[in-house]
Amino acid sequence: MIEKGTPIEAAQGKLGILLVGLGAVSTTFVAGVELIKRGLAKPIGSLTQLGHIRLGKRTDKKNPLVKDFVPITKLEDLVFGAWDIFPDNAYEAATKAGVLKKSDLDAVKEPLQQLKPFAGAFDQNFVKKLEGKHVKKGTRRELADQVIQDIENFKKQSGAKRIVVIWCGSTEVFIQPGPAHASLKAFEAALDKDDKTISPSMIYAYAALKLGIPYANGAPNLTTDTPALLELAQETKAPVSGKDFKTGQTLLKTILAPGFKARYLGLSGWFSANILGNRDGEVLDDPDSFKTKEESKLGVLDTILQPELYPDLYGNFYHKVRIHYYPPRGDNKEGWDNIDLIGWCGYDMQLKIDFLCRDSILAAPLVLDLVLFMDLAKRAGMKGIQEWLSFYYKSPMTAAGLYPEHNLFIQEMKLKNTLRYLMGEEQITHLGLDYYE
Ligand SMILES: NC(=O)c1ccc[n+]([C@@H]2O[C@H](COP(=O)([O-])OP(=O)(O)OC[C@H]3O[C@@H](n4cnc5c(N)ncnc54)[C@H](O)[C@@H]3O)[C@@H](O)[C@H]2O)c1
């Protein structure tokens with residue numbers, strides 16, 4: 001464990017952000033940063049850019065901006081690279097994704113056009129709905145070596161002093177950890193044997209971690225949630241975090257469910273349906289990719305509600321999640337929730353939510369915060385799983401034997417207390433009895 005107030009290496013020089021997948025989320029993120037840098041948009045949804053953090057007692061009135069309190073990299077110092085299995089540059093990819101208006105994209109056309117993806121490391125068995133032609137060739141070991149080479153070339157060409165790799169690629173099919181993922185030795189032997197149980201996302205993660213580079217996982221893919229890659233992260237002192245950005249419906253679940261629980265309101269059911277028409281929706285139309293997403297979406301309520309402790313409230317709780325691919329809606333997802341509640345003396349109530357959201361607009365600020373905090377973690381000497389970044393994920397990674405914390409408000413407190421700890425400040429417990437002495 002790092003010591004409280006350990007000196008943190010300064011955020012000097014450029015920070016290279018390498019995005020795996022240059023689709024809707026990635027291009028909305030990059031275009032947004034470029035617009036914000038030019039004063040043409042505001043970083044709404046980003047804790048690192050807009051958030052304040054309270055220090056000391058309420059009466060101290062000390063609430064600096066997070067970005068002034070912790071040494072994070074300035075937006076002006078970010079440089080971007082990417083991989084994709086389609087050769088479109090970021091302007092073309094963003095136009096196809098159809099999230100941002102043409103006028104916004106045109107305002108930052110030049111940097112977007114300059115962002116051309118490296119060929120991807122791909123295996124269609126892991127994303128059945130996509131047939132990319134811009135792909136690397138070779139065994140899994142050769143692919144990993146090529147990804148390492150891409151990272152090194154990018155570093156030289158961009159002048160980046162430090163790198164963070166973040167997966168914003170498609171959701172891969174559901175897989176369980178197997179023998180090839182059990183230890184680093186087994187994993188490296190499996191790379192050499194081109195073992196088909198190593199997914200493309202694991203190849204990128206391996207390449208990044210091998211170089212000691214932080215790796216964040218925005219999809220529910222297994223990737224670094226394996227003993228092999230966690231061992232590598234420890235060895236090379238690289239931070240990892242994941243899985244699956246917490247954006248629309250699951251974000252709302254982790255806001256509402258802690259509230260019902262705090263008031264001891266019961267739940268008999270929660271039915272969630274989504275319609276979306278972007279490429280992510282198309283990928284999730286494959287039952288094997290959907291299964292990975294479903295596991296990630298279903299997990300949150302059980303750990304918040306603790307039915308084993310509250311059988312009267314949640315003992316017969318039924319939770320169902322559905323995602324439907326519906327092209328006319330594009331990236332503008334609609335998420336319906338029907339929540340069946342139980343009140344005093346067992347009387348039932350219902351709550352209906354219809355969230356007309358925009359998937360990538362919700363995800364882009366999370367990408368920004370994550371890359372900045374992953375770089376901070378690396379400079380602070382933190383390695384392995386960064387549980388304090390659970391705030392951003394649907395399926396937070398935790399140490400073996402720990403259940404993940406899904407409650408958004410506990411996650412926020414944990415994140416801010418970690419920042420206070422890193423900077424040598426007192427953690428805030430909200431006890432407050434001393435104000436009355
Ligand atoms: N937008 C959200 O709210 C949200 C929330 C949680 C998770 N996610 C996840 O984030 C990811 C990105 O979402 P999106 O809407 O940008 O999807 P997208 O389909 O627009 O973009 C994904 C990109 O990844 C590329 N890709 C797939 N496999 C690749 C590989 N092996 N190497 C390189 N590139 C590869 C695809 O070609 C595509 O361009 C998805 O996995 C999605 O499930 C998104």
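In what sense do strand β4 and strand β5 pair, and over how many bridges? Strand β4 (residues 160-167) and strand β5 (residues 215-217) pair in the parallel sense, over three bridges. Two strands count as paired if DSSP finds at least two bridges between them.

## Basis of the model

This is a predicted model: local features need pLDDT of at least 70, side-chain atom pairs count only at pLDDT 80 or more, and totals for chains, interfaces and linings use all residues. Residues are numbered from 1 along each chain as its sequence is written.

## Overall build

The protein has 16 helices and 11 strands. Helices (H or I, at least four residues) and strands (E, at least two) are DSSP runs, numbered from the N terminus. The radius of gyration is 22 Å, close to the 22 Å that the globule rule gives for 437 residues, so the protein is as compact as a globular protein of that length. That radius is taken over C-alpha atoms; the globule rule is 2.2 Å times the number of residues to the power 0.38. Along the principal axes, the C-alpha atoms fill a box of roughly 65 × 50 × 50 Å.

Buried residues make up 48% of the 437 residues. A residue is buried if 20 or more other C-beta atoms lie within 10 Å of its own, exposed if 12 or fewer, and partly exposed in between; C-beta atoms are placed from the backbone. Among contacts between residues at least 6 apart in sequence, 77% join residues at least 24 apart. Two residues are in contact if their C-beta atoms, placed from the backbone, lie within 7 Å.

## Two domains

The protein divides into domain 1 (14-245 + 360-422) and domain 2 (249-356). These bounds come from an automatic or database domain assignment. The C-alpha centres of the two domains lie 26 Å apart. Their contact takes 27 residues from domain 1 and 26 residues from domain 2. On the side of domain 1 that touches domain 2, 12 residues are nonpolar, nine polar and six charged. Here Ala, Val, Leu, Ile, Met, Phe, Trp, Tyr, Cys and Pro count as nonpolar, Asp, Glu, Lys and Arg as charged, and the others, Gly among them, as polar.

## The ligand shell

Both domains give residues to the shell around the ligand, so the ligand lies between them. Of the 37 residues around the ligand, Gly21, Gly23, Gly120, Ala219 and Arg279 come nearest. The elements giving two or more residues are α1 (24-37), β2 (78-84), α12 (279-283) and α15 (359-379). The largest share, four residues, comes from α15. By type, the shell has 19 nonpolar, 13 polar and five charged residues.

## Strands and sheets

An open sheet of seven strands runs in the order β3-β2-β1-β4-β5-β6-β11, with parallel pairing. Its edge strands are β3 (118-119) and β11 (384-385), and each pairs on one side only. Val165 has Tyr215 as its bridge partner in β5.

Strand β7 (residues 266-276) holds Ile275. Nine bridges join β7 to strand β9 (residues 334-342), and these two run antiparallel. Asn274 stands opposite Gly335 in β9. β7 also pairs with strand β8 (residues 318-325), in the parallel sense, over eight bridges. Ala273 stands opposite Arg322 in β8. Ile275 is partly exposed, with 18 C-beta neighbours inside 10 Å. Not counting residues up to four places away in sequence, Ile275 touches His324, Tyr326, Arg329, Lys333 and Glu334.

## Loop residues to look at

Tyr403 lies in the loop between β11 and α16 (408-422). Tyr403 is exposed, with 11 other C-beta atoms within 10 Å. Leaving aside neighbours within four places in sequence, Tyr403 is in contact with Thr303 and Thr398.

Some backbone angles deserve a look. A cis peptide bond joins Gly242 and Lys243, with omega about -5°. Lys243 is in the loop between β6 (239-242) and α11 (249-262). Lys61 is not a glycine, yet has a positive phi of about 55°. Lys61 sits in the loop between α2 (47-50) and α3 (66-69) and is exposed, with 9 other C-beta atoms within 10 Å. Cys345 also has a positive phi, near 60°. Cys345 lies in the loop between β9 and β10 (348-356) and is exposed, with 5 other C-beta atoms within 10 Å.

Conventions
A residue is near a molecule or strand if its C-beta atom, placed from the backbone, lies within 6 Å of it.
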